Every structure is written in structure tokens, then in C-alpha cells.
Amino acid sequence: GHLVEIAGMENVRVLRVGFSGYRDSVGNRGYAEAFQLERMTKTGFPGFNINDNTPCKNVYIEECYHLDPDAGYSHWPVAVGGHYVEPIETLESELNTGVYIYKNDFRKHTYAAIRAQNWVTIYADLNELEGATGLVADCTGNSNVNSTIERVWRFTRNNIKGTNTHGAFIR
């Protein structure tokens, strides 16, 4: 699961939230996000049976931070992101857009601090990113993704350190 599921929402602000304590009860969720941004689809978010492809728009994640987990729990694999890959026929109007990730302290994650999986616009500024991979922005690496959509990804003044693979992985 996820700590917070933001599905098909517009004008959301998450401010100064501390989070910890992830447990993978399934055994294969090493990519799970604390804050997941998802479209309203049967596959992406089946919770309310609304399958109209409504994307997230104008989501602000600001001044949030990892806390050390209690015994028996681990750090979250991903702080902010998504992992569902849209079918290639997905329209730009059906993709998450206007994601602002600002002044966060994301450390000790086990997969990536930020995972911008096929988002149209993302602005990440003044973040502390530490762990496996600081940033993963992926829009064209999967043949199931519409790579003809113009993206605006701005990653500025972020401090990425302590990674064991790439500081930033963008494709």
C-alpha cells in the first residue's frame, strides 16, 4: 500500500508531514511510494470503482521528511511518485501534471526519493535526496508509454547524495 494515495485530485497541498514505518506484507513492493500520485483507473486506483482516467493536477508536496521507523518496519522505498505505466494511447490530458516537490528532506529511501513515472510536468526544487537513487524520471523507457507528449521537468537546486546507483536517472 501507500501512506497517502492521491488519485485523480486537483489542487492538493501536503505540507510538513513526517513519515516512517513501511512494511512490505506482500513481499514484492520494493517500489511503493509514501505519497503516490495516481490516475483514477481500475488498475491504478480500484478503491472507488471510478475509471474515468482523471489525472492529478497541481499537487504540492512541501517540507515533508522521513523519520526513522519503529522496530520491525523499514524506510519507505519511494517518498513521492507513481509506478503505473499508462497505455501508449493515453492522452496528455489524462496524465498527472503540475507536480511541485519543494524543500523536502527525503533520506534513506530504498528505491528512489522521487519517481516521476510518466508525468507531464514536474518541478522539484531545494530538496535533500539521499538513498538508493535520488531521482527517477521515466517517460520513454517503456514501450507501453506515449513518448510523443512534450514533458516539462525542472529539477533545480536539489542536493542528491549517498546514492548506490545514480543520483538522477532520467529517460
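**Figure 1. Strands and overall make-up of the predicted model.** The protein has 16 strands and zero helices; both are DSSP runs numbered from the N terminus, with at least two residues (E) for a strand and at least four (H or I) for a helix. This is a predicted model, in which local features need pLDDT of at least 70 and side-chain atom pairs count only at pLDDT 80 or more, while totals for chains, interfaces and linings use all residues. Residues are numbered from 1 along each chain as its sequence is written, and side-chain values use heavy atoms, with hydrogens and water left out. Of the 171 residues, 44% are buried (buried means under 20% relative accessible area, exposed over 50%, partly exposed in between, with a 1.4 Å probe and protein chains only). Among contacts (heavy atoms within 4.5 Å) with a separation of 6 or more, 75% are between residues 24 or more positions apart.

Figure 2. A salt bridge here is a side-chain nitrogen of Lys or Arg within 4 Å of a carboxyl oxygen of Asp or Glu, and the protein has six of them. In this view, glutamate 63 meets arginine 16 with an N to O distance of 2.9 Å. Glutamate 63 belongs to the loop between strand 5 (57-62) and strand 6 (65-66), and arginine 16 to the loop between strand 2 (10-15) and strand 3 (18-19), so the pair ties together parts 47 residues apart in sequence. Glutamate 63 is partly exposed at 27% relative accessibility, whereas arginine 16 is exposed at 53%.

**Figure 3. A salt-bridge network around arginine 107.** Asp105, Arg107 and Glu128 are linked in a network of salt bridges. Glutamate 128 sits in strand 12 (residues 128-131) and arginine 107 in strand 9 (residues 105-109), so their pairing joins parts 21 residues apart in sequence. Glutamate 128 is partly exposed, with a relative accessible area of 26%, and arginine 107 is also partly exposed at 26%.

Figure 4. Where does aspartate 125 find its salt-bridge partner? The partner is arginine 157, with the closest N and O atoms 2.5 Å apart. Aspartate 125 lies in strand 11 (residues 121-125) and arginine 157 in the loop between strand 14 (152-156) and strand 15 (159-161), 32 residues apart. Aspartate 125 is buried at 13% relative accessible area, while arginine 157 is exposed at 59%. Threonine 121, also found in strand 11, is buried at 13%. Its side chain makes a polar contact of 2.7 Å with that of threonine 97 (a pair of N or O atoms within 3.5 Å, where within protein one must be able to donate a hydrogen and the other to accept it, and residues adjacent in sequence count only if both atoms are side-chain atoms).

Figure 5. Rings of Phe, Tyr and Trp (its six-membered ring) pair if their centres lie within 6.5 Å; planes under 30 degrees apart count as stacked, over 60 as edge-to-face and the rest as tilted. The count comes to five aromatic pairs. Tyrosine 22 and tryptophan 76 have ring centres 4.6 Å apart and planes at 45 degrees, so this pair is tilted. Tyrosine 22 is buried at 6%, and tryptophan 76 is buried at 5%. Elsewhere, ring pairs link Phe19, Phe35 and Phe106 into a cluster.
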